[in-house]
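Work through the exercises below with the sequence and the model open. Each task is followed by a solution in steps.

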Amino acid sequence: MLSRSSLRFALLVTAACTFVATAAGTLQTPEQFVGHRIGADGKLVRWDKAVEYYKLAAANSDRVRVRELGKTSQNNPFVVLEISSPDTLKNLDRYKQLEKKLYFQGGSPSDAERDAIFREGKIVLAITCSIHATEIGATQMAIELVHRLATEDSPAVKKILDNVIFLLVPSLNPDGQILVTDWFNKNVGTPYANSPIPYLYHPYVGHDNNRDMYMFTQKESQYTARLLWHDWFPSVWLDEHQMGSNGARIFVMPATDPINPNVHPLIYRWNGILGQSQAAALEAAGKEGIIYNSTYTNFWEGAMAWSGWWHNQIGLLTEVASARIAAPMEQQRATPGRPTPAAGGGRGEGPSTGPGGRGNQFSDAPLAAPSDINSRTEYPRPWLGGRWTLRDIVDYELIATMALLDTAADRREAILRQIYEVNRQTIEDGRKGPVSAILVPTEGQHDVREAAQTPHCRRGSVPRRRRVRRGRQEVRSRDVRHSDDAGVRALCEGHARGSNLPGGPPRTERTAGTAL
């Protein structure tokens with residue numbers, strides 16, 4: 001029998017353990033905080049309310065930190081959440097240094113530093129959401145995701161927190177998120193409930209805000225570059241989008257051919273591994289309409305996260321079928337074995353939908369039945385039609401996001417070792433290859449700084465002293481002497497794959513300027 005003092009001690013220990021187990025649970029659920037389930041029909045969480053919740057999460061959980069990177073074009077907060085285990089967050093500077101060494105910043109790591117990266121390093125994984133503001137589901141989903149990672153004590157979440165440093169940018173376009181939310185709320189319950197927003201959802205560049213990762217003309221692009229290529233160097237970067245509504249429910253990596261030979265093959269291999277882990281999790285959850293190897297190519301360089309390829313980052317894309325912003329959408333059901341009218345494919349593009357596959361997104365009429373209903377390797381369980389809601393988008397994106405975090409945690413050391421090898425090979429190729437540097441002559445230029453593109457190189461690469469060297473020295477290229485103000489961009493550095501070397505495909509579409 002326990003003595004009275006022993007019993008009192010046992011009760012105190014039990015109470016302390018109970019407090020530890022439930023301390024993280026003091027954070028309100030998103031539903032309690034906003035008054036409705038995330039993704040409920042006709043309901044959107046405005047950006048300022050979302051930021052308020054993230055600050056609450058950081059105040060109530062030692063797994064979450066919130067940083068404001070600056071103000072947007074219209075003076076709204078642009079934030080990133082850093083999510084990991086409490087011990088990791090306490091030593092964040094140490095892990096930043098390991099990650100920078102992984103990317104050979106400040107010189108090649110020593111053998112001891114390399115081994116420390118493999119042994120102690122974390123997978124730094126970035127997810128950016130809803131750069132196109134009408135593609136609003138990811139920004140909504142992020143609220144529920146943060147609550148789960150901040151409060152859940154499951155083995156799966158613990159594994160993620162112990163092995164991953166998660167950088168979450170809940171909106172790459174806060175200004176647009178506010179515009180879209182306010183327009184939708186203004187028209188709910190009126191004849192104009194499904195009307196498209198009549199102005200640009202980015203004040204200067206509209207839908208092309210994800211074509212700015214080489215010129216960095218916008219504040220939001222500059223903040224993103226600073227986070228990903230100066231402050232942190234994430235090995236994995238997922239950008240979450242939405243697409244048209246007629247066909248597949250979600251696109252995951254890998255994308256279609258052709259590839260760009262300047263990208264290291266391991267980047268494409270990991271695209272497939274990580275993308276298919278997302279697809280498998282969705283299939284296991286019984287979700288329909290999961291497609292890969294469709295619509296989006298490995299050749300085009302315009303996607304946000306795909307710009308990470310030139311920095312040896314595993315850049316990934318998901319595209320989820322759109323609803324009518326937060327209003328549900330009905331689609332006629334297809335019957336397998338019976339022909340259906342052409343209504344567009346995975347992206348929903350076709351005569352009835354208009355450019356971008358979103359023409360019927362703002363109509364009350366049911367969409368025509370999907371025409372692509374043939375099961376095949378990249379699309380084993382086609383979407384046959386039915387009701388589609390914002391909550392469906394949230395569910396698909398939450399499953400895909402957690403699956404990516406889970407796989408990255410499982411494959412921590414393998415990813416670190418292989419990204420190290422990609423960076424080592426990139427630098428070695430620059431030293432031994434036929435082209436060792438890119439020379440930017442500045443003689444006769446009206447603005448020497450613009451001619452050398454040094455501000456853009458600094459934002460899109462790493463600190464000034466490493467990337468573009470301009471000095472009082474003569475540079476010789478193919479027996480031609482150049483003046484001492486020439487800009488020299490060395491290719492024996494980690495970002496070198498971003499240069500358009502001989503043998504790479506020509507630049508195309510709206511990103512011709514990436515050759516800069």
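The expected span of a helix is 1.5 Å times one less than its number of residues. The model used here is predicted.

**Exercise 1. Compare the span of helix H7 with the expected span, and state how far H7 is covered.**

Step 1. H7 covers residues 137-151, which is 15 residues.
Step 2. At 1.5 Å a residue, 21 Å is expected for H7.
Step 3. From the first C-alpha to the last, H7 reaches 22 Å, close to that expected value.
Step 4. Of the 15 residues in H7, 14 are buried, so the helix is mostly covered, with buried meaning under 20% relative accessible area.

**Exercise 2. Classify the packing of H11 against H13 and describe the contact.**

Step 1. Two packed helices are described by the angle between their axes and the distance between the axes.
Step 2. For H11 (residues 265-284) and H13 (residues 412-432), the angle is about 155 degrees and the axes lie 10 Å apart.
Step 3. Angles over 145 degrees count as roughly antiparallel, and H11 is therefore roughly antiparallel to H13.
Step 4. H11 contributes Leu266, Ile267 and Trp270 to the contact, while H13 contributes Ala414, Ile415, Gln418, Ile419 and Val422.
Step 5. Sorted by class, these residues are seven nonpolar, one polar and no charged.

**Exercise 3. Which stretches have pLDDT under 50, and how many contacts does the model have for them?**

Step 1. The protein chain has an average pLDDT of 83, and 74% of the residues score at least 70.
Step 2. Over residues 343-359 the pLDDT stays under 50, and the model has 42 contacts beyond four places in sequence for this stretch.
Step 3. Residues 462-484 also have pLDDT below 50, with 52 contacts beyond near neighbours in sequence.

Notes. Residues are numbered from 1 along each chain as its sequence is written. This is a predicted model: local features need pLDDT of at least 70, side-chain atom pairs count only at pLDDT 80 or more; totals for chains, interfaces and linings use all residues. Side-chain values use heavy atoms; hydrogens and water are left out. Helices (H or I, at least four residues) and strands (E, at least two) are DSSP runs, numbered from the N terminus. Buried means under 20% relative accessible area, exposed over 50%, partly exposed in between (1.4 Å probe, protein chains only). Axes are lines fitted to C-alpha atoms, for helices over the stretch in contact, and angles run from 0 to 180 degrees between N-to-C directions. Angles under 35 degrees count as roughly parallel, over 145 as roughly antiparallel, 65 to 115 as roughly perpendicular and the rest as oblique. Contact means heavy atoms within 4.5 Å. Ala, Val, Leu, Ile, Met, Phe, Trp, Tyr, Cys and Pro count as nonpolar, Asp, Glu, Lys and Arg as charged, and the others, Gly among them, as polar. pLDDT is the predictor's confidence in each residue, from 0 to 100.
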